[in-house]
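Here's a quick briefing for anyone meeting this structure for the first time. Have a look at it below, then read on.

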Amino acid sequence: EHSSPTFNQKSIILDLQLLNPEIQGFINTNIGTSISKLALQKNPFPEVAWITILNQIEAKTKAKDKLPTWYAAKDILYPAKISVEQTSSEKTALYKSAIVSGDSLIDLTGGFGVDDYYFAKRIKTVVHCEINPELSNLVQHNFNQLEVKNISCHSGDSLATLASLNKKWDWIYIDPSRRNDAKGKVFLLKDCLPNVPDHLDFYFKNSNKILIKTAPLLDLSAGLSELQNVKAIHIVALENEVKELLWEIHQDYAGEVEIKTVNLLKEETESFDFVLNQQFKTAHYSLPQKYLYEPNSAIMKSGGFDEVGLFFKLNKLQKHSHLYTSADLIPFPGRIFTIEKCISYQKNEIKTHLEQKKANVTTRNFPESVETIRKKWKIKEGGNLYCFFTTDEENNKIVLICTKIK
């Protein structure tokens, strides 16, 4: 059973010669430089493999926006660039850390350790398990550089580590990875490493609370059919792109499942929570009014289309359009537009209002693709107009020509 989801074993060499101040200076000077151009140059440090130095430059460049704490710290070592791409960003790790509390947490799939760095700010003792010994050493080195004292790194199989430490943890954290042979298959947790559904009973012997991170690809109903005792599912988007699903599992929990959607933006955090499959009043529908609302990507992933409309007292345009409208402006977790014109999808209307103009085109519950519409009506990309090609409650194809408020 593997415990590390994200790292190619061959790609990590804990080469302490990289900490030579001249090499570190060279790496820092070349952040953002084209790696293919650098690769053609002669290695100024023949004592270290050129590819190893180039990898540090490439991975550190990637870390600049995603992992600013690591980027800013002195003498941090990086694994392969792919590993930095696959790790949590600091913003999502910070969100995750607010879910857990208590004295002890064990991370069974430690990886580069970003989540654990933030868990350690909330929990007294954190254990980082990593199957790859080189990566485990590299992460331990980085935690020393970051002056984190309450994380211990254990290399080897995480199930064996869990058994040998033989204690009751406040939390177990797991980030299972899809096995390489699972490509093209439907995303199921049992096709991941570690196989969480198979090991749940063993995990529950060691903790009453488990937090599982999965890729956004996992279907919520598929995850719920594989896991028991799910208390909450957090759908976490960063700048309107869903990055991860977090499954909060509590032993013996048998109540309703809470869905928590969050969209972490630069200036604010949009959040909307609801109870899954709760019986409630049906959605309200109307023709387009003055304002148009498009939910953020976390809400779209959650499937809470009726819930969000009812909560914000908005009318839906059509059952499958997932666009909302109102006469008065209402704060909303997503994009908000003023509807300037609503036209029917007919040749003369499109020719008059849109042909050969510049506009941002979106389709919702519409038979033609954005590409087809652009080509057909010669609509250029960009500009300040936002056009929604959609279907109204009477099943007429319409185009809403809008300007953006938020």
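R122 counts as partly exposed because its relative accessibility is 43%, where partly exposed sits between buried (under 20% relative accessible area) and exposed (over 50%), using a 1.4 Å probe and protein chains only. Keep in mind that this is a predicted model, where local features need pLDDT of at least 70, side-chain atom pairs count only at pLDDT 80 or more, and totals for chains, interfaces and linings use all residues. Residues are numbered from 1 along each chain as its sequence is written, and side-chain values use heavy atoms, with hydrogens and water left out.

**Around R122**
- You'll find R122 in the loop between α7 (114-119) and β2 (125-130); helices (H or I, at least four residues) and strands (E, at least two) are DSSP runs, numbered from the N terminus.
- Leaving aside residues up to four places away in sequence, R122 touches S97, A98, V100 and G102, with contact meaning heavy atoms within 4.5 Å.
- A polar atom of the R122 side chain lies 3.4 Å from the backbone oxygen of V100.
- C-alpha to C-alpha, R122 and S101 are 6.1 Å apart in space, though 21 residues apart in sequence.

**Helix α9**
- In α9 (residues 158-165), the buried residues are S158, L159, T161 and L162.
- Those buried residues line one face of the helix, because they fall within an arc of 160° seen down the axis of α9; the arc is that of the directions from the helix axis to the C-beta atoms.
- Their cover includes β1 (104-107), β2, β3 (151-155), β4 (171-174) and α10 (196-206).
- At the start of α9, the backbone nitrogen of L159 has a side-chain oxygen of D157 within 3.0 Å.
- Just after α9 comes N166, with a positive phi of about 45°.

**The sheet and strand β12**
- An open sheet of mixed pairing is built from 7 strands, in the order β13-β14-β12-β15-β18-β17-β16; two strands pair if DSSP finds at least two bridges between them.
- At the edges are β13 (315-316) and β16 (360-363), each pairing on one side only.
- Strand β12 (residues 291-295) has 5 of its 5 residues buried, so it is largely enclosed by the rest of the structure.
- Y291, Y293 and P295 point one way from β12, while L292 and E294 point the other way.
- β12 runs antiparallel to β14 (residues 324-326) over 3 bridges, and L292 has T325 as its bridge partner there.
- β12 also runs antiparallel to β15 (residues 334-344), joined by 5 bridges, with P295 opposite G334.

Terms used. A polar contact is a pair of N or O atoms within 3.5 Å; within protein, one must be able to donate a hydrogen and the other to accept it, and residues adjacent in sequence count only if both atoms are side-chain atoms.
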